[in-house]
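Below are questions and answers on how one protein chain packs.

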Amino acid sequence: MQSEKLTQMLLEQSRQIINQAEKLQSYDLNTLTWKENEISWSILECLEHLNLYGDFYLPQIENEIKNSTIKTDIEFNSGILGNYFAKSMLPKEKLNKMKTFKDKNPLNAKLDKSVIDRFINQQIKLLDLLNQSRNVSLNKVKIKTSISSFIKLRLGDTFQFFINHIIRHLSQIDRIQVAMKNT
């Protein structure tokens, strides 16, 4: 895929994510903290989980872009592992449950509406980083994963993985809202 086409697609997805998150700002705290059961996440817990990943990936992406001397490529070629990780994050009809790392699990954390503001600010930062990434190689700039610092993904794959992970949890938020209406 052309690097510019990928960047454009990711920018559009990020803008849609921001729009969806902005709608959540009008919800009251009871709605945002409602849970289907004691082991499920609330809307705010979903967003806080994403914030914790943003705290890990965004500074690293920013640093790698800033320090890269490798210029942009016309074509982006997804790596085998990066492509697998990115696709595995997308929501499916029958959701494949994934175990969350303990340090990224906000279950029962005391959260307030500031979680939404933090999430939106991270998404605005992501838009900025996507724009900055037009000047570097999406293939050769590598980002460490949260799984292991030994596993590095291409910048283009990291962006896709990161955004697909957000899309996955926004789908979870949609399901929470449906469950809430059905109670």
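Q: Is Tyr57 buried or exposed?
A: In this predicted model, the relative accessibility of Tyr57 is 3%. Buried means under 20%, so Tyr57 counts as buried.

Q: Is Phe161 buried or exposed?
A: Phe161 has a relative accessibility of 11%. The cut-off for buried is under 20%. Phe161 therefore counts as buried.

Q: What kind of aromatic pair do Tyr57 and Phe161 form?
A: A pair of aromatic rings is described by the distance of the centres and the angle of the planes. The count of aromatic pairs comes to six. For Tyr57 and Phe161 the distance is 6.0 Å centre to centre, with 65° between the planes. Planes over 60 degrees apart count as edge-to-face, and the pair of Tyr57 and Phe161 is edge-to-face.

Q: How many residues apart are Tyr57 and Phe161?
A: Tyr57 lies in helix α3, residues 43-67, and Phe161 lies in helix α6. Their pair links distant parts of the chain, and the separation is 104 residues.

Q: Which residues do ring pairs link into a cluster?
A: Tyr57 and Phe161 form an aromatic pair, and both belong to a cluster linked by ring pairs.

Q: Which residues is His169 in contact with, leaving aside its neighbours within four places in sequence?
A: His169 is found in helix α6. With 8% relative accessibility, His169 counts as buried. Beyond those sequence neighbours, the contacts of His169 are Trp41, Cys46, His49 and Leu50.

Q: Are α1 and α6 roughly parallel or roughly antiparallel?
A: Two packed helices are described by the angle between their axes and the distance between the axes. Helix α1 (residues 3-24) and helix α6 (residues 155-181) pack with their axes 11 Å apart, at an angle of about 30°. That angle makes α1 and α6 roughly parallel.

Q: How many nonpolar, polar and charged residues does the contact of α1 with α6 have?
A: On the α1 side, the residues that meet α6 include Leu6, Leu10 and Ile17. On the α6 side, Phe159, Ile163 and Leu170 are among them. By class, the contact of α1 with α6 has one charged residue, six polar and ten nonpolar.

Q: Are α1 and α5 roughly parallel or roughly antiparallel to each other?
A: The axes of α1 and helix α5 (residues 114-132) are 10 Å apart, and the angle is about 165°. Angles over 145 degrees count as roughly antiparallel. Therefore α1 and α5 are roughly antiparallel.

Q: What is the handedness of the crossing of α1 and α5, and what classes of residue meet there?
A: Residues of α1 including Thr7, Leu11 and Ile18 meet residues of α5, among them Ile120, Ile124 and Leu127. By class, this contact of α1 with α5 has 13 nonpolar, four polar and two charged residues. The crossing of α1 and α5 is left-handed.

Q: How many charged residues does the contact of α3 with α5 have?
A: The axes of α3 and α5 are 9 Å apart, at an angle of about 30°, so α3 and α5 are roughly parallel to each other. The contact includes Glu48, Asp55 and Glu62 of α3, and Arg118 and Lys125 of α5. By class, the contact of α3 with α5 has twelve nonpolar and four polar residues, and its charged residues number five.

Note on methods
Residues numbered from 1 in each chain as written. Predicted model: local features only at pLDDT ≥ 70, side-chain atom pairs only at ≥ 80, totals over all residues. Heavy atoms only, no water. Axes fitted to C-alpha atoms, helices over the stretch in contact; angles between N-to-C directions. Helix = DSSP H or I, 4+ residues; strand = E, 2+ residues; numbered from the N terminus. Parallel < 35°, antiparallel > 145°, perpendicular 65-115°, else oblique. Contact = heavy atoms within 4.5 Å. Nonpolar A, V, L, I, M, F, W, Y, C, P; charged D, E, K, R; others polar. Phe/Tyr/Trp six-rings, centres within 6.5 Å; stacked < 30°, edge-to-face > 60°. Buried < 20%, exposed > 50% of the residue type's maximum accessible area, 1.4 Å probe, protein only. Left-handed = near helix turned anticlockwise from the far one by under 90°.
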